[in-house]
Amino acid sequence: LECGGERHGDKGFFIQPTVFSGVEDDMRIAKEEIFGPVMQIMKFKTIEEVIDRANKTVYGLAASVFTKDIDKALRVAHAVRAGSMWVNTYDVFRCNAPFGGFKMSGVGRELGEYGLQQYSEIKT
């Protein structure tokens, strides 16, 4: 634990932004989907290793890549199996863009035209 992890405030169920370093692939924190201000830092040697790690998980709600190299960013964005993929940002949504996960991270899509299809029944 590098920082955070404590309760934030005295109302509700909030935690401080939390950072873990030295995380390995077999650790629970590396394998589960965490909904909260939590970051795990994992070392890597190649972009292929990063893509392989990301795609080995059973989850795929969202992913983000931070880099100065647009070619690397696009390579990762196209290769990672996640419902939403951001480059040099995270958690940015547009109401007309569909949102939803891959694998165990959800079924269907919300927002945009794709989101409306769940509430429609086509008749011909």
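A salt bridge, as the term is used here, is a side-chain nitrogen of Lys or Arg within 4 Å of a carboxyl oxygen of Asp or Glu. Colleagues, the structure above is a predicted model, in which local features need pLDDT of at least 70, side-chain atom pairs count only at pLDDT 80 or more, and totals for chains, interfaces and linings use all residues. Residues are numbered from 1 along each chain as its sequence is written, and side-chain values use heavy atoms, with hydrogens and water left out.

I begin with the fold. The protein chain contains four helices and six strands, taken as DSSP runs (helices H or I, at least four residues; strands E, at least two) and numbered from the N terminus. Their order along the sequence is β-α-β-α-β-β-α-β-β-α. Of its 124 residues, 17% are buried, that is, under 20% relative accessible area, with exposed meaning over 50% and partly exposed in between (1.4 Å probe, protein chains only).

I turn now to the charged pairs. The structure has five salt bridges. Among them, R53 pairs with E49, with the closest N and O atoms 3.4 Å apart. Both residues belong to helix α2, four residues apart, about one turn of the helix. R53 also meets D25 in a salt bridge at 2.9 Å, N to O. That pair links distant parts of the chain, since R53 is in helix α2 (residues 47–56) and D25 in the loop between β1 (18–20) and α1 (28–31), 28 residues apart.

How exposed are these side chains? R53 is partly exposed at 22% relative accessibility, as are E49 at 27% and D25 at 41%.
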